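Morning, everyone. I'll take a few minutes on salt bridges. Here is the model.

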Amino acid sequence: MLQRLFKKQAEDLGLNRKMGLKIVDVAGDVWNIQAAIGSSRGQPRYYLQGMRKFVRDKGMAPGQAFTLNFVKGKKLFMFG
């Protein structure tokens with residue numbers, strides 16, 4: 001499952017393909033994800049790969065909205 005990000009969001013976060021990212025919840029559970037950059041009509045498209053396990057583990061439905069807060073210096077997203 002790929003989670004698409006808007007170009008401005010990805011650029012503001014400084015995401016790139018080489019970044020190893022994590023999602024950490026309040027219980028301290030960790031999910032490893034990866035930034036991916038594709039292209040459509042010559043424009044970059046930014047995605048987060050590896051979201052399927054996180055969504056499944058949290059009991060969410062595909063397409064369900066949720067919020068992640070990015071901690072820039074630590075390259076992780078906080079959930080909850």
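Start with Lys8. Lys8 is exposed, at 56% relative accessible area. On terms: buried means under 20% relative accessible area, exposed over 50%, and partly exposed in between, with a 1.4 Å probe and protein chains only.

Two notes on the source. This is a predicted model, where local features need pLDDT of at least 70, side-chain atom pairs count only at pLDDT 80 or more, and totals for chains, interfaces and linings use all residues. Residues are numbered from 1 along each chain as its sequence is written, and side-chain values use heavy atoms, leaving out hydrogens and water.

How many salt bridges does a search of the whole structure find? Three. The criterion is a side-chain nitrogen of Lys or Arg within 4 Å of a carboxyl oxygen of Asp or Glu.

Lys8 pairs with Asp12, closest N and O atoms 3.1 Å apart. Both sit in helix H1 (residues 7–13), four residues apart, so about one helical turn separates them. Asp12 is partly exposed, at 43%.

Helix H2 has a pair too. Asp57 bridges to Lys53 at 2.8 Å between the closest N and O atoms. Again, four residues apart, about one helical turn. Asp57 is partly exposed at 37%, and Lys53 is partly exposed at 45%.

Now Lys58 and Asp25. Their side chains meet in a salt bridge, 2.6 Å from N to O. This pair links distant parts of the chain, 33 residues apart: Lys58 lies in the loop between helix H2 (51–57) and strand S5 (68–71), Asp25 in strand S2 (residues 20–25). Helices (H or I, at least four residues) and strands (E, at least two) are DSSP runs, numbered from the N terminus.

Buried or exposed, Asp25? Buried, at 5%. Lys58 is partly exposed, at 31%.
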